[in-house]
Amino acid sequence: MDYQATTKTIRALCHGETDTVALMATLACEIHHAHPFADWTGFYRVTAPELLKIGPYQGGHGCLVIPFSRGVCGAAARLGQVQNVPDVEDFPGHIACSSSTRSELVLPVWNGAGRLLGVLDIDSNTSAAFTAEDEAWLVPLLAEIFAQAV
């Protein structure tokens, strides 16, 4: 995967944008098409206390609502930490939005004021699809792109 080229494209597309949904839609599209193992890429937005609802995504249907108390996305939101799950069968309380998903990478997304906007969820039909390099690319990229989000 060409992290530098994808970052350059995302920066160009998102330059000056502050709308959270527009940013989420753009990132979901670009990351989904750039990552060789991404089968579903999208955002779950914080819409109420301790509650995530589906946002912009690429791929088949996702779960519509995820409480912070359930699944990999809920854990990322609840703990404020990246969740890189090489085998979803080994994750207690995993929510199977798609029966083909084998691994997930979920990252919390904050705006520049420190408000949790939601999580970025990347699912793969391949086990152990996501690396520490993916995390090291996405964590600062999300912080940069959503710094001005409202």
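The entries below set out what I looked up and what I found.

Entry 1, basis. I worked from a predicted model, in which local features need pLDDT of at least 70, side-chain atom pairs count only at pLDDT 80 or more, and totals for chains, interfaces and linings use all residues. Residues are numbered from 1 along each chain as its sequence is written, and side-chain values use heavy atoms, with hydrogens and water left out.

Glu144 pairs with Arg11, their closest N and O atoms being 2.7 Å apart. Glu144 belongs to helix α4 (residues 132-145) and Arg11 to helix α1 (residues 3-14), so the bridge ties together parts 133 residues apart in sequence. Helices (H or I, at least four residues) and strands (E, at least two) are DSSP runs, numbered from the N terminus.

I counted rings of Phe, Tyr and Trp (its six-membered ring) as paired if their centres lie within 6.5 Å; planes under 30 degrees apart are stacked, over 60 edge-to-face and the rest tilted. The whole structure gave four aromatic pairs. Trp40 and Tyr44 are stacked, because their ring centres are 5.8 Å apart and their planes at 25°. Trp40 and Tyr57 are also stacked, with centres 5.2 Å apart and planes at 20°. Trp40 lies in strand β1 (residues 40-48) and Tyr57 in strand β2 (residues 51-58), 17 residues apart. I noted that ring pairs link Trp40, Tyr44 and Tyr57 into a cluster.

Key
A salt bridge is a side-chain nitrogen of Lys or Arg within 4 Å of a carboxyl oxygen of Asp or Glu.
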